[in-house]
Amino acid sequence: MRVAEVVGRALVSAGVDHVFGVVGSGNFRVTNAMVDGGARFVAARHEGGAATMADAYARTAGTVAAVTVHQGCGLTNAMTGLAEAAKSRTPLVVVAAEASTPTSNFHVDQDALARAVGAVPLRITSPATAAADAVAAVATAVHERRTVLLNLPIDVADLDAGDPQIPPRPAAPAPVAAAEADVERLAAALRAARRPVFVAGRGARSAVAREALRALGERCGALLATSAVAKGLFSDDPWSLDVSGGFSSPLAAELIAGADLVVGWGCALNMWTMRHGRLIADGATVVQVDDTPEALGVHRGIDVGVLGDVAATAGAVLAVRGAGTSTGAEVDAAAGYRTTEVRHRLATELRWRDVPYTDTTGADRIDPRTLTIVLDDLLPAQRVVAVDSGNFMGYPSMFLSVPDEQGFCFTQAFQSIGLGLATAIGAALAQPGRLPVAALGDGGALMAAAELETVARLGLPMVVVVYNDDAYGAEVHHFAGEPLGTVRFPPTDIAAVGAGYGFEAVIVRDADDLDAVAAWVAGPRTRPLLIDAKVRADEPAWWLAEAFGH
């Protein structure tokens, strides 16, 4: 066996079951070895798309994924997706062939590229250690929640490796246990609070963490919110506030800002989640629970920092508080946020679709709120929604409901446009029993249009919704009053582009045009659907109006 074959088989043995990429001469054999080992290979049309597909797959499946790219240019093409994954702490292994000779046209400092975006560079250096190094790369990705660049020098890849033994996967480390004193401090803060709010983030995206937080929230009367990336975690809970931050509905923002205790569970409590701090009341106690030491207090001052696993810490605090529940009059007296009045308001006012608005549909363009509300009613509830970046992105994020945290994939840590379509592909493969919905702006859709072919080739029953305002809308509104010729474009028939790739396609200018969507949903859905929605864009989106400024 060649080293490349050993590396590929070792990666699969260590837990990689899906690999995304674009194959060239440098990564041809290692990719085929992963396929021979039992992994599914998904061919993308661009390495940037492959990296984001793998990122979304790993997030939505709750496992590790791999990317395979050619040396040099294959890796540089993937860098934006790699940066997004690294910033999001996605367990990902990027297998990159590497030109060993500095005079090669393909030579770049691949280690430096990885470090520049926060990924971990590792390298296969010899036949003797190739299998162990590949297994170690997966272990680093999974156990440390890191994006790993595994460099495979082309002169090493072709060496004879004999028939090496592939080592077993290293055992997962035990969850980080919070110090007893920190558990007591958090329990004391909860006892003193009358209006507590929990904000669950990326570190709480698991069933075990969700149930631990719900139990503790019930005990202390806390309302339950999430960051954007954890949307859906408490979707079926009557005390859910949905997303905290720029996407918050008016009621959610009011209740979060009225809290006397805010606890971030695996959540950075950054400027987006806390609206630059405006959602934290003067005098409110702020607690952050995270299993990574450097995450504590990095975005804002905190009163209590607890180093520990979210689920384990919530369970430990609940044990200190004592078993049982707080209901009825006891909650009204001792835990002020779980009152009859608040529950009624949450049931009737929380959703953005329940907030009154003036429908601006007209002049051959549909109000994006109206568009998204109708789509929410038409599309099956069992869905996985992926959202690109841009002026439009709050409409699908907030007006489209999702069944749980695995129903929403938000690749926005790097805030790049153009990732949404690839995100939807990866999420669709991770959740094959759900309808995948890609929500894109026209800029991001055209930037990633080559991956429309990937959707059609894979036979995914995807709905691609393009909020088409013929512009980079965020810049149009942010720089209002200045020359805008650089960010406005002539009308583009994106429906025709989709049809060319094999989609059913419809242009939507008003709600009646969405009858075609209802017909597609009714079946048989043999082809994916692209909705070219000509949307009104007269005003800046509310989340950008208050948050633009980097």
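In what handedness of crossing does H10 pass H12? I began my notebook with this question, and I note that the model is predicted.

**Entry 1: two helices**

I looked up helix H10, residues 207-220, and helix H12, residues 310-321. Their axes come within 8 Å and cross at roughly 30 degrees. Angles under 35 degrees count as roughly parallel, and therefore I recorded H10 as roughly parallel to H12. The crossing in which H10 passes H12 is left-handed, which settles my opening question.

**Entry 2: salt bridges**

I next turned to charged side chains. Side chains of opposite charge can pair when their charged atoms come close. The count for this model comes to 26 salt bridges, and I examined some of them.

I looked up Arg59 and Asp55, whose side chains meet in a salt bridge with an N to O distance of 2.7 Å. Both residues belong to helix H3, residues 47-61, where they lie 4 residues apart, about one turn of the helix. Arg59 is buried because its relative accessible area is 11%, and Asp55 is buried because its value is 0%.

I then returned to helix H10, which holds both Arg214 and Glu211. They are 3 residues apart, about one turn of the helix, and form a salt bridge whose closest N and O atoms are 3.9 Å apart.

My next pair was Arg353 and Asp376, a salt bridge with its closest N and O atoms 3.1 Å apart. This pair links distant parts of the chain, 23 residues apart. Arg353 is in the loop between helix H14 (340-349) and helix H15 (368-378), whereas Asp376 is in helix H15. I noted Arg353 as partly exposed because its relative accessibility is 24%, and Asp376 as buried because its relative accessible area is 11%.

**Entry 3: a nonpolar patch**

Which residues form a nonpolar patch on the surface? I found Met447, Tyr472 and Phe489, which together have about 290 Å² of accessible area. I traced Tyr472 to the loop between strand S16 (463-468) and helix H20 (473-478). Its relative accessible area is 30%, so Tyr472 is partly exposed.

Technical notes:
Residues are numbered from 1 along each chain as its sequence is written. This is a predicted model: local features need pLDDT of at least 70, side-chain atom pairs count only at pLDDT 80 or more; totals for chains, interfaces and linings use all residues. Side-chain values use heavy atoms; hydrogens and water are left out. Patches are made of residues with over 30% relative accessible area and no salt bridge: like charges are joined within 9 Å, nonpolar side chains (Val, Leu, Ile, Met, Phe, Trp, Tyr) within 5 Å. Accessible areas come from the Shrake-Rupley method with a 1.4 Å probe; for residues, only the protein chains shown count as cover. A salt bridge is a side-chain nitrogen of Lys or Arg within 4 Å of a carboxyl oxygen of Asp or Glu. Buried means under 20% relative accessible area, exposed over 50%, partly exposed in between (1.4 Å probe, protein chains only). Axes are lines fitted to C-alpha atoms, for helices over the stretch in contact, and angles run from 0 to 180 degrees between N-to-C directions. Angles under 35 degrees count as roughly parallel, over 145 as roughly antiparallel, 65 to 115 as roughly perpendicular and the rest as oblique. A crossing is left-handed if the near helix is turned anticlockwise from the far one by less than a right angle, and right-handed if clockwise.
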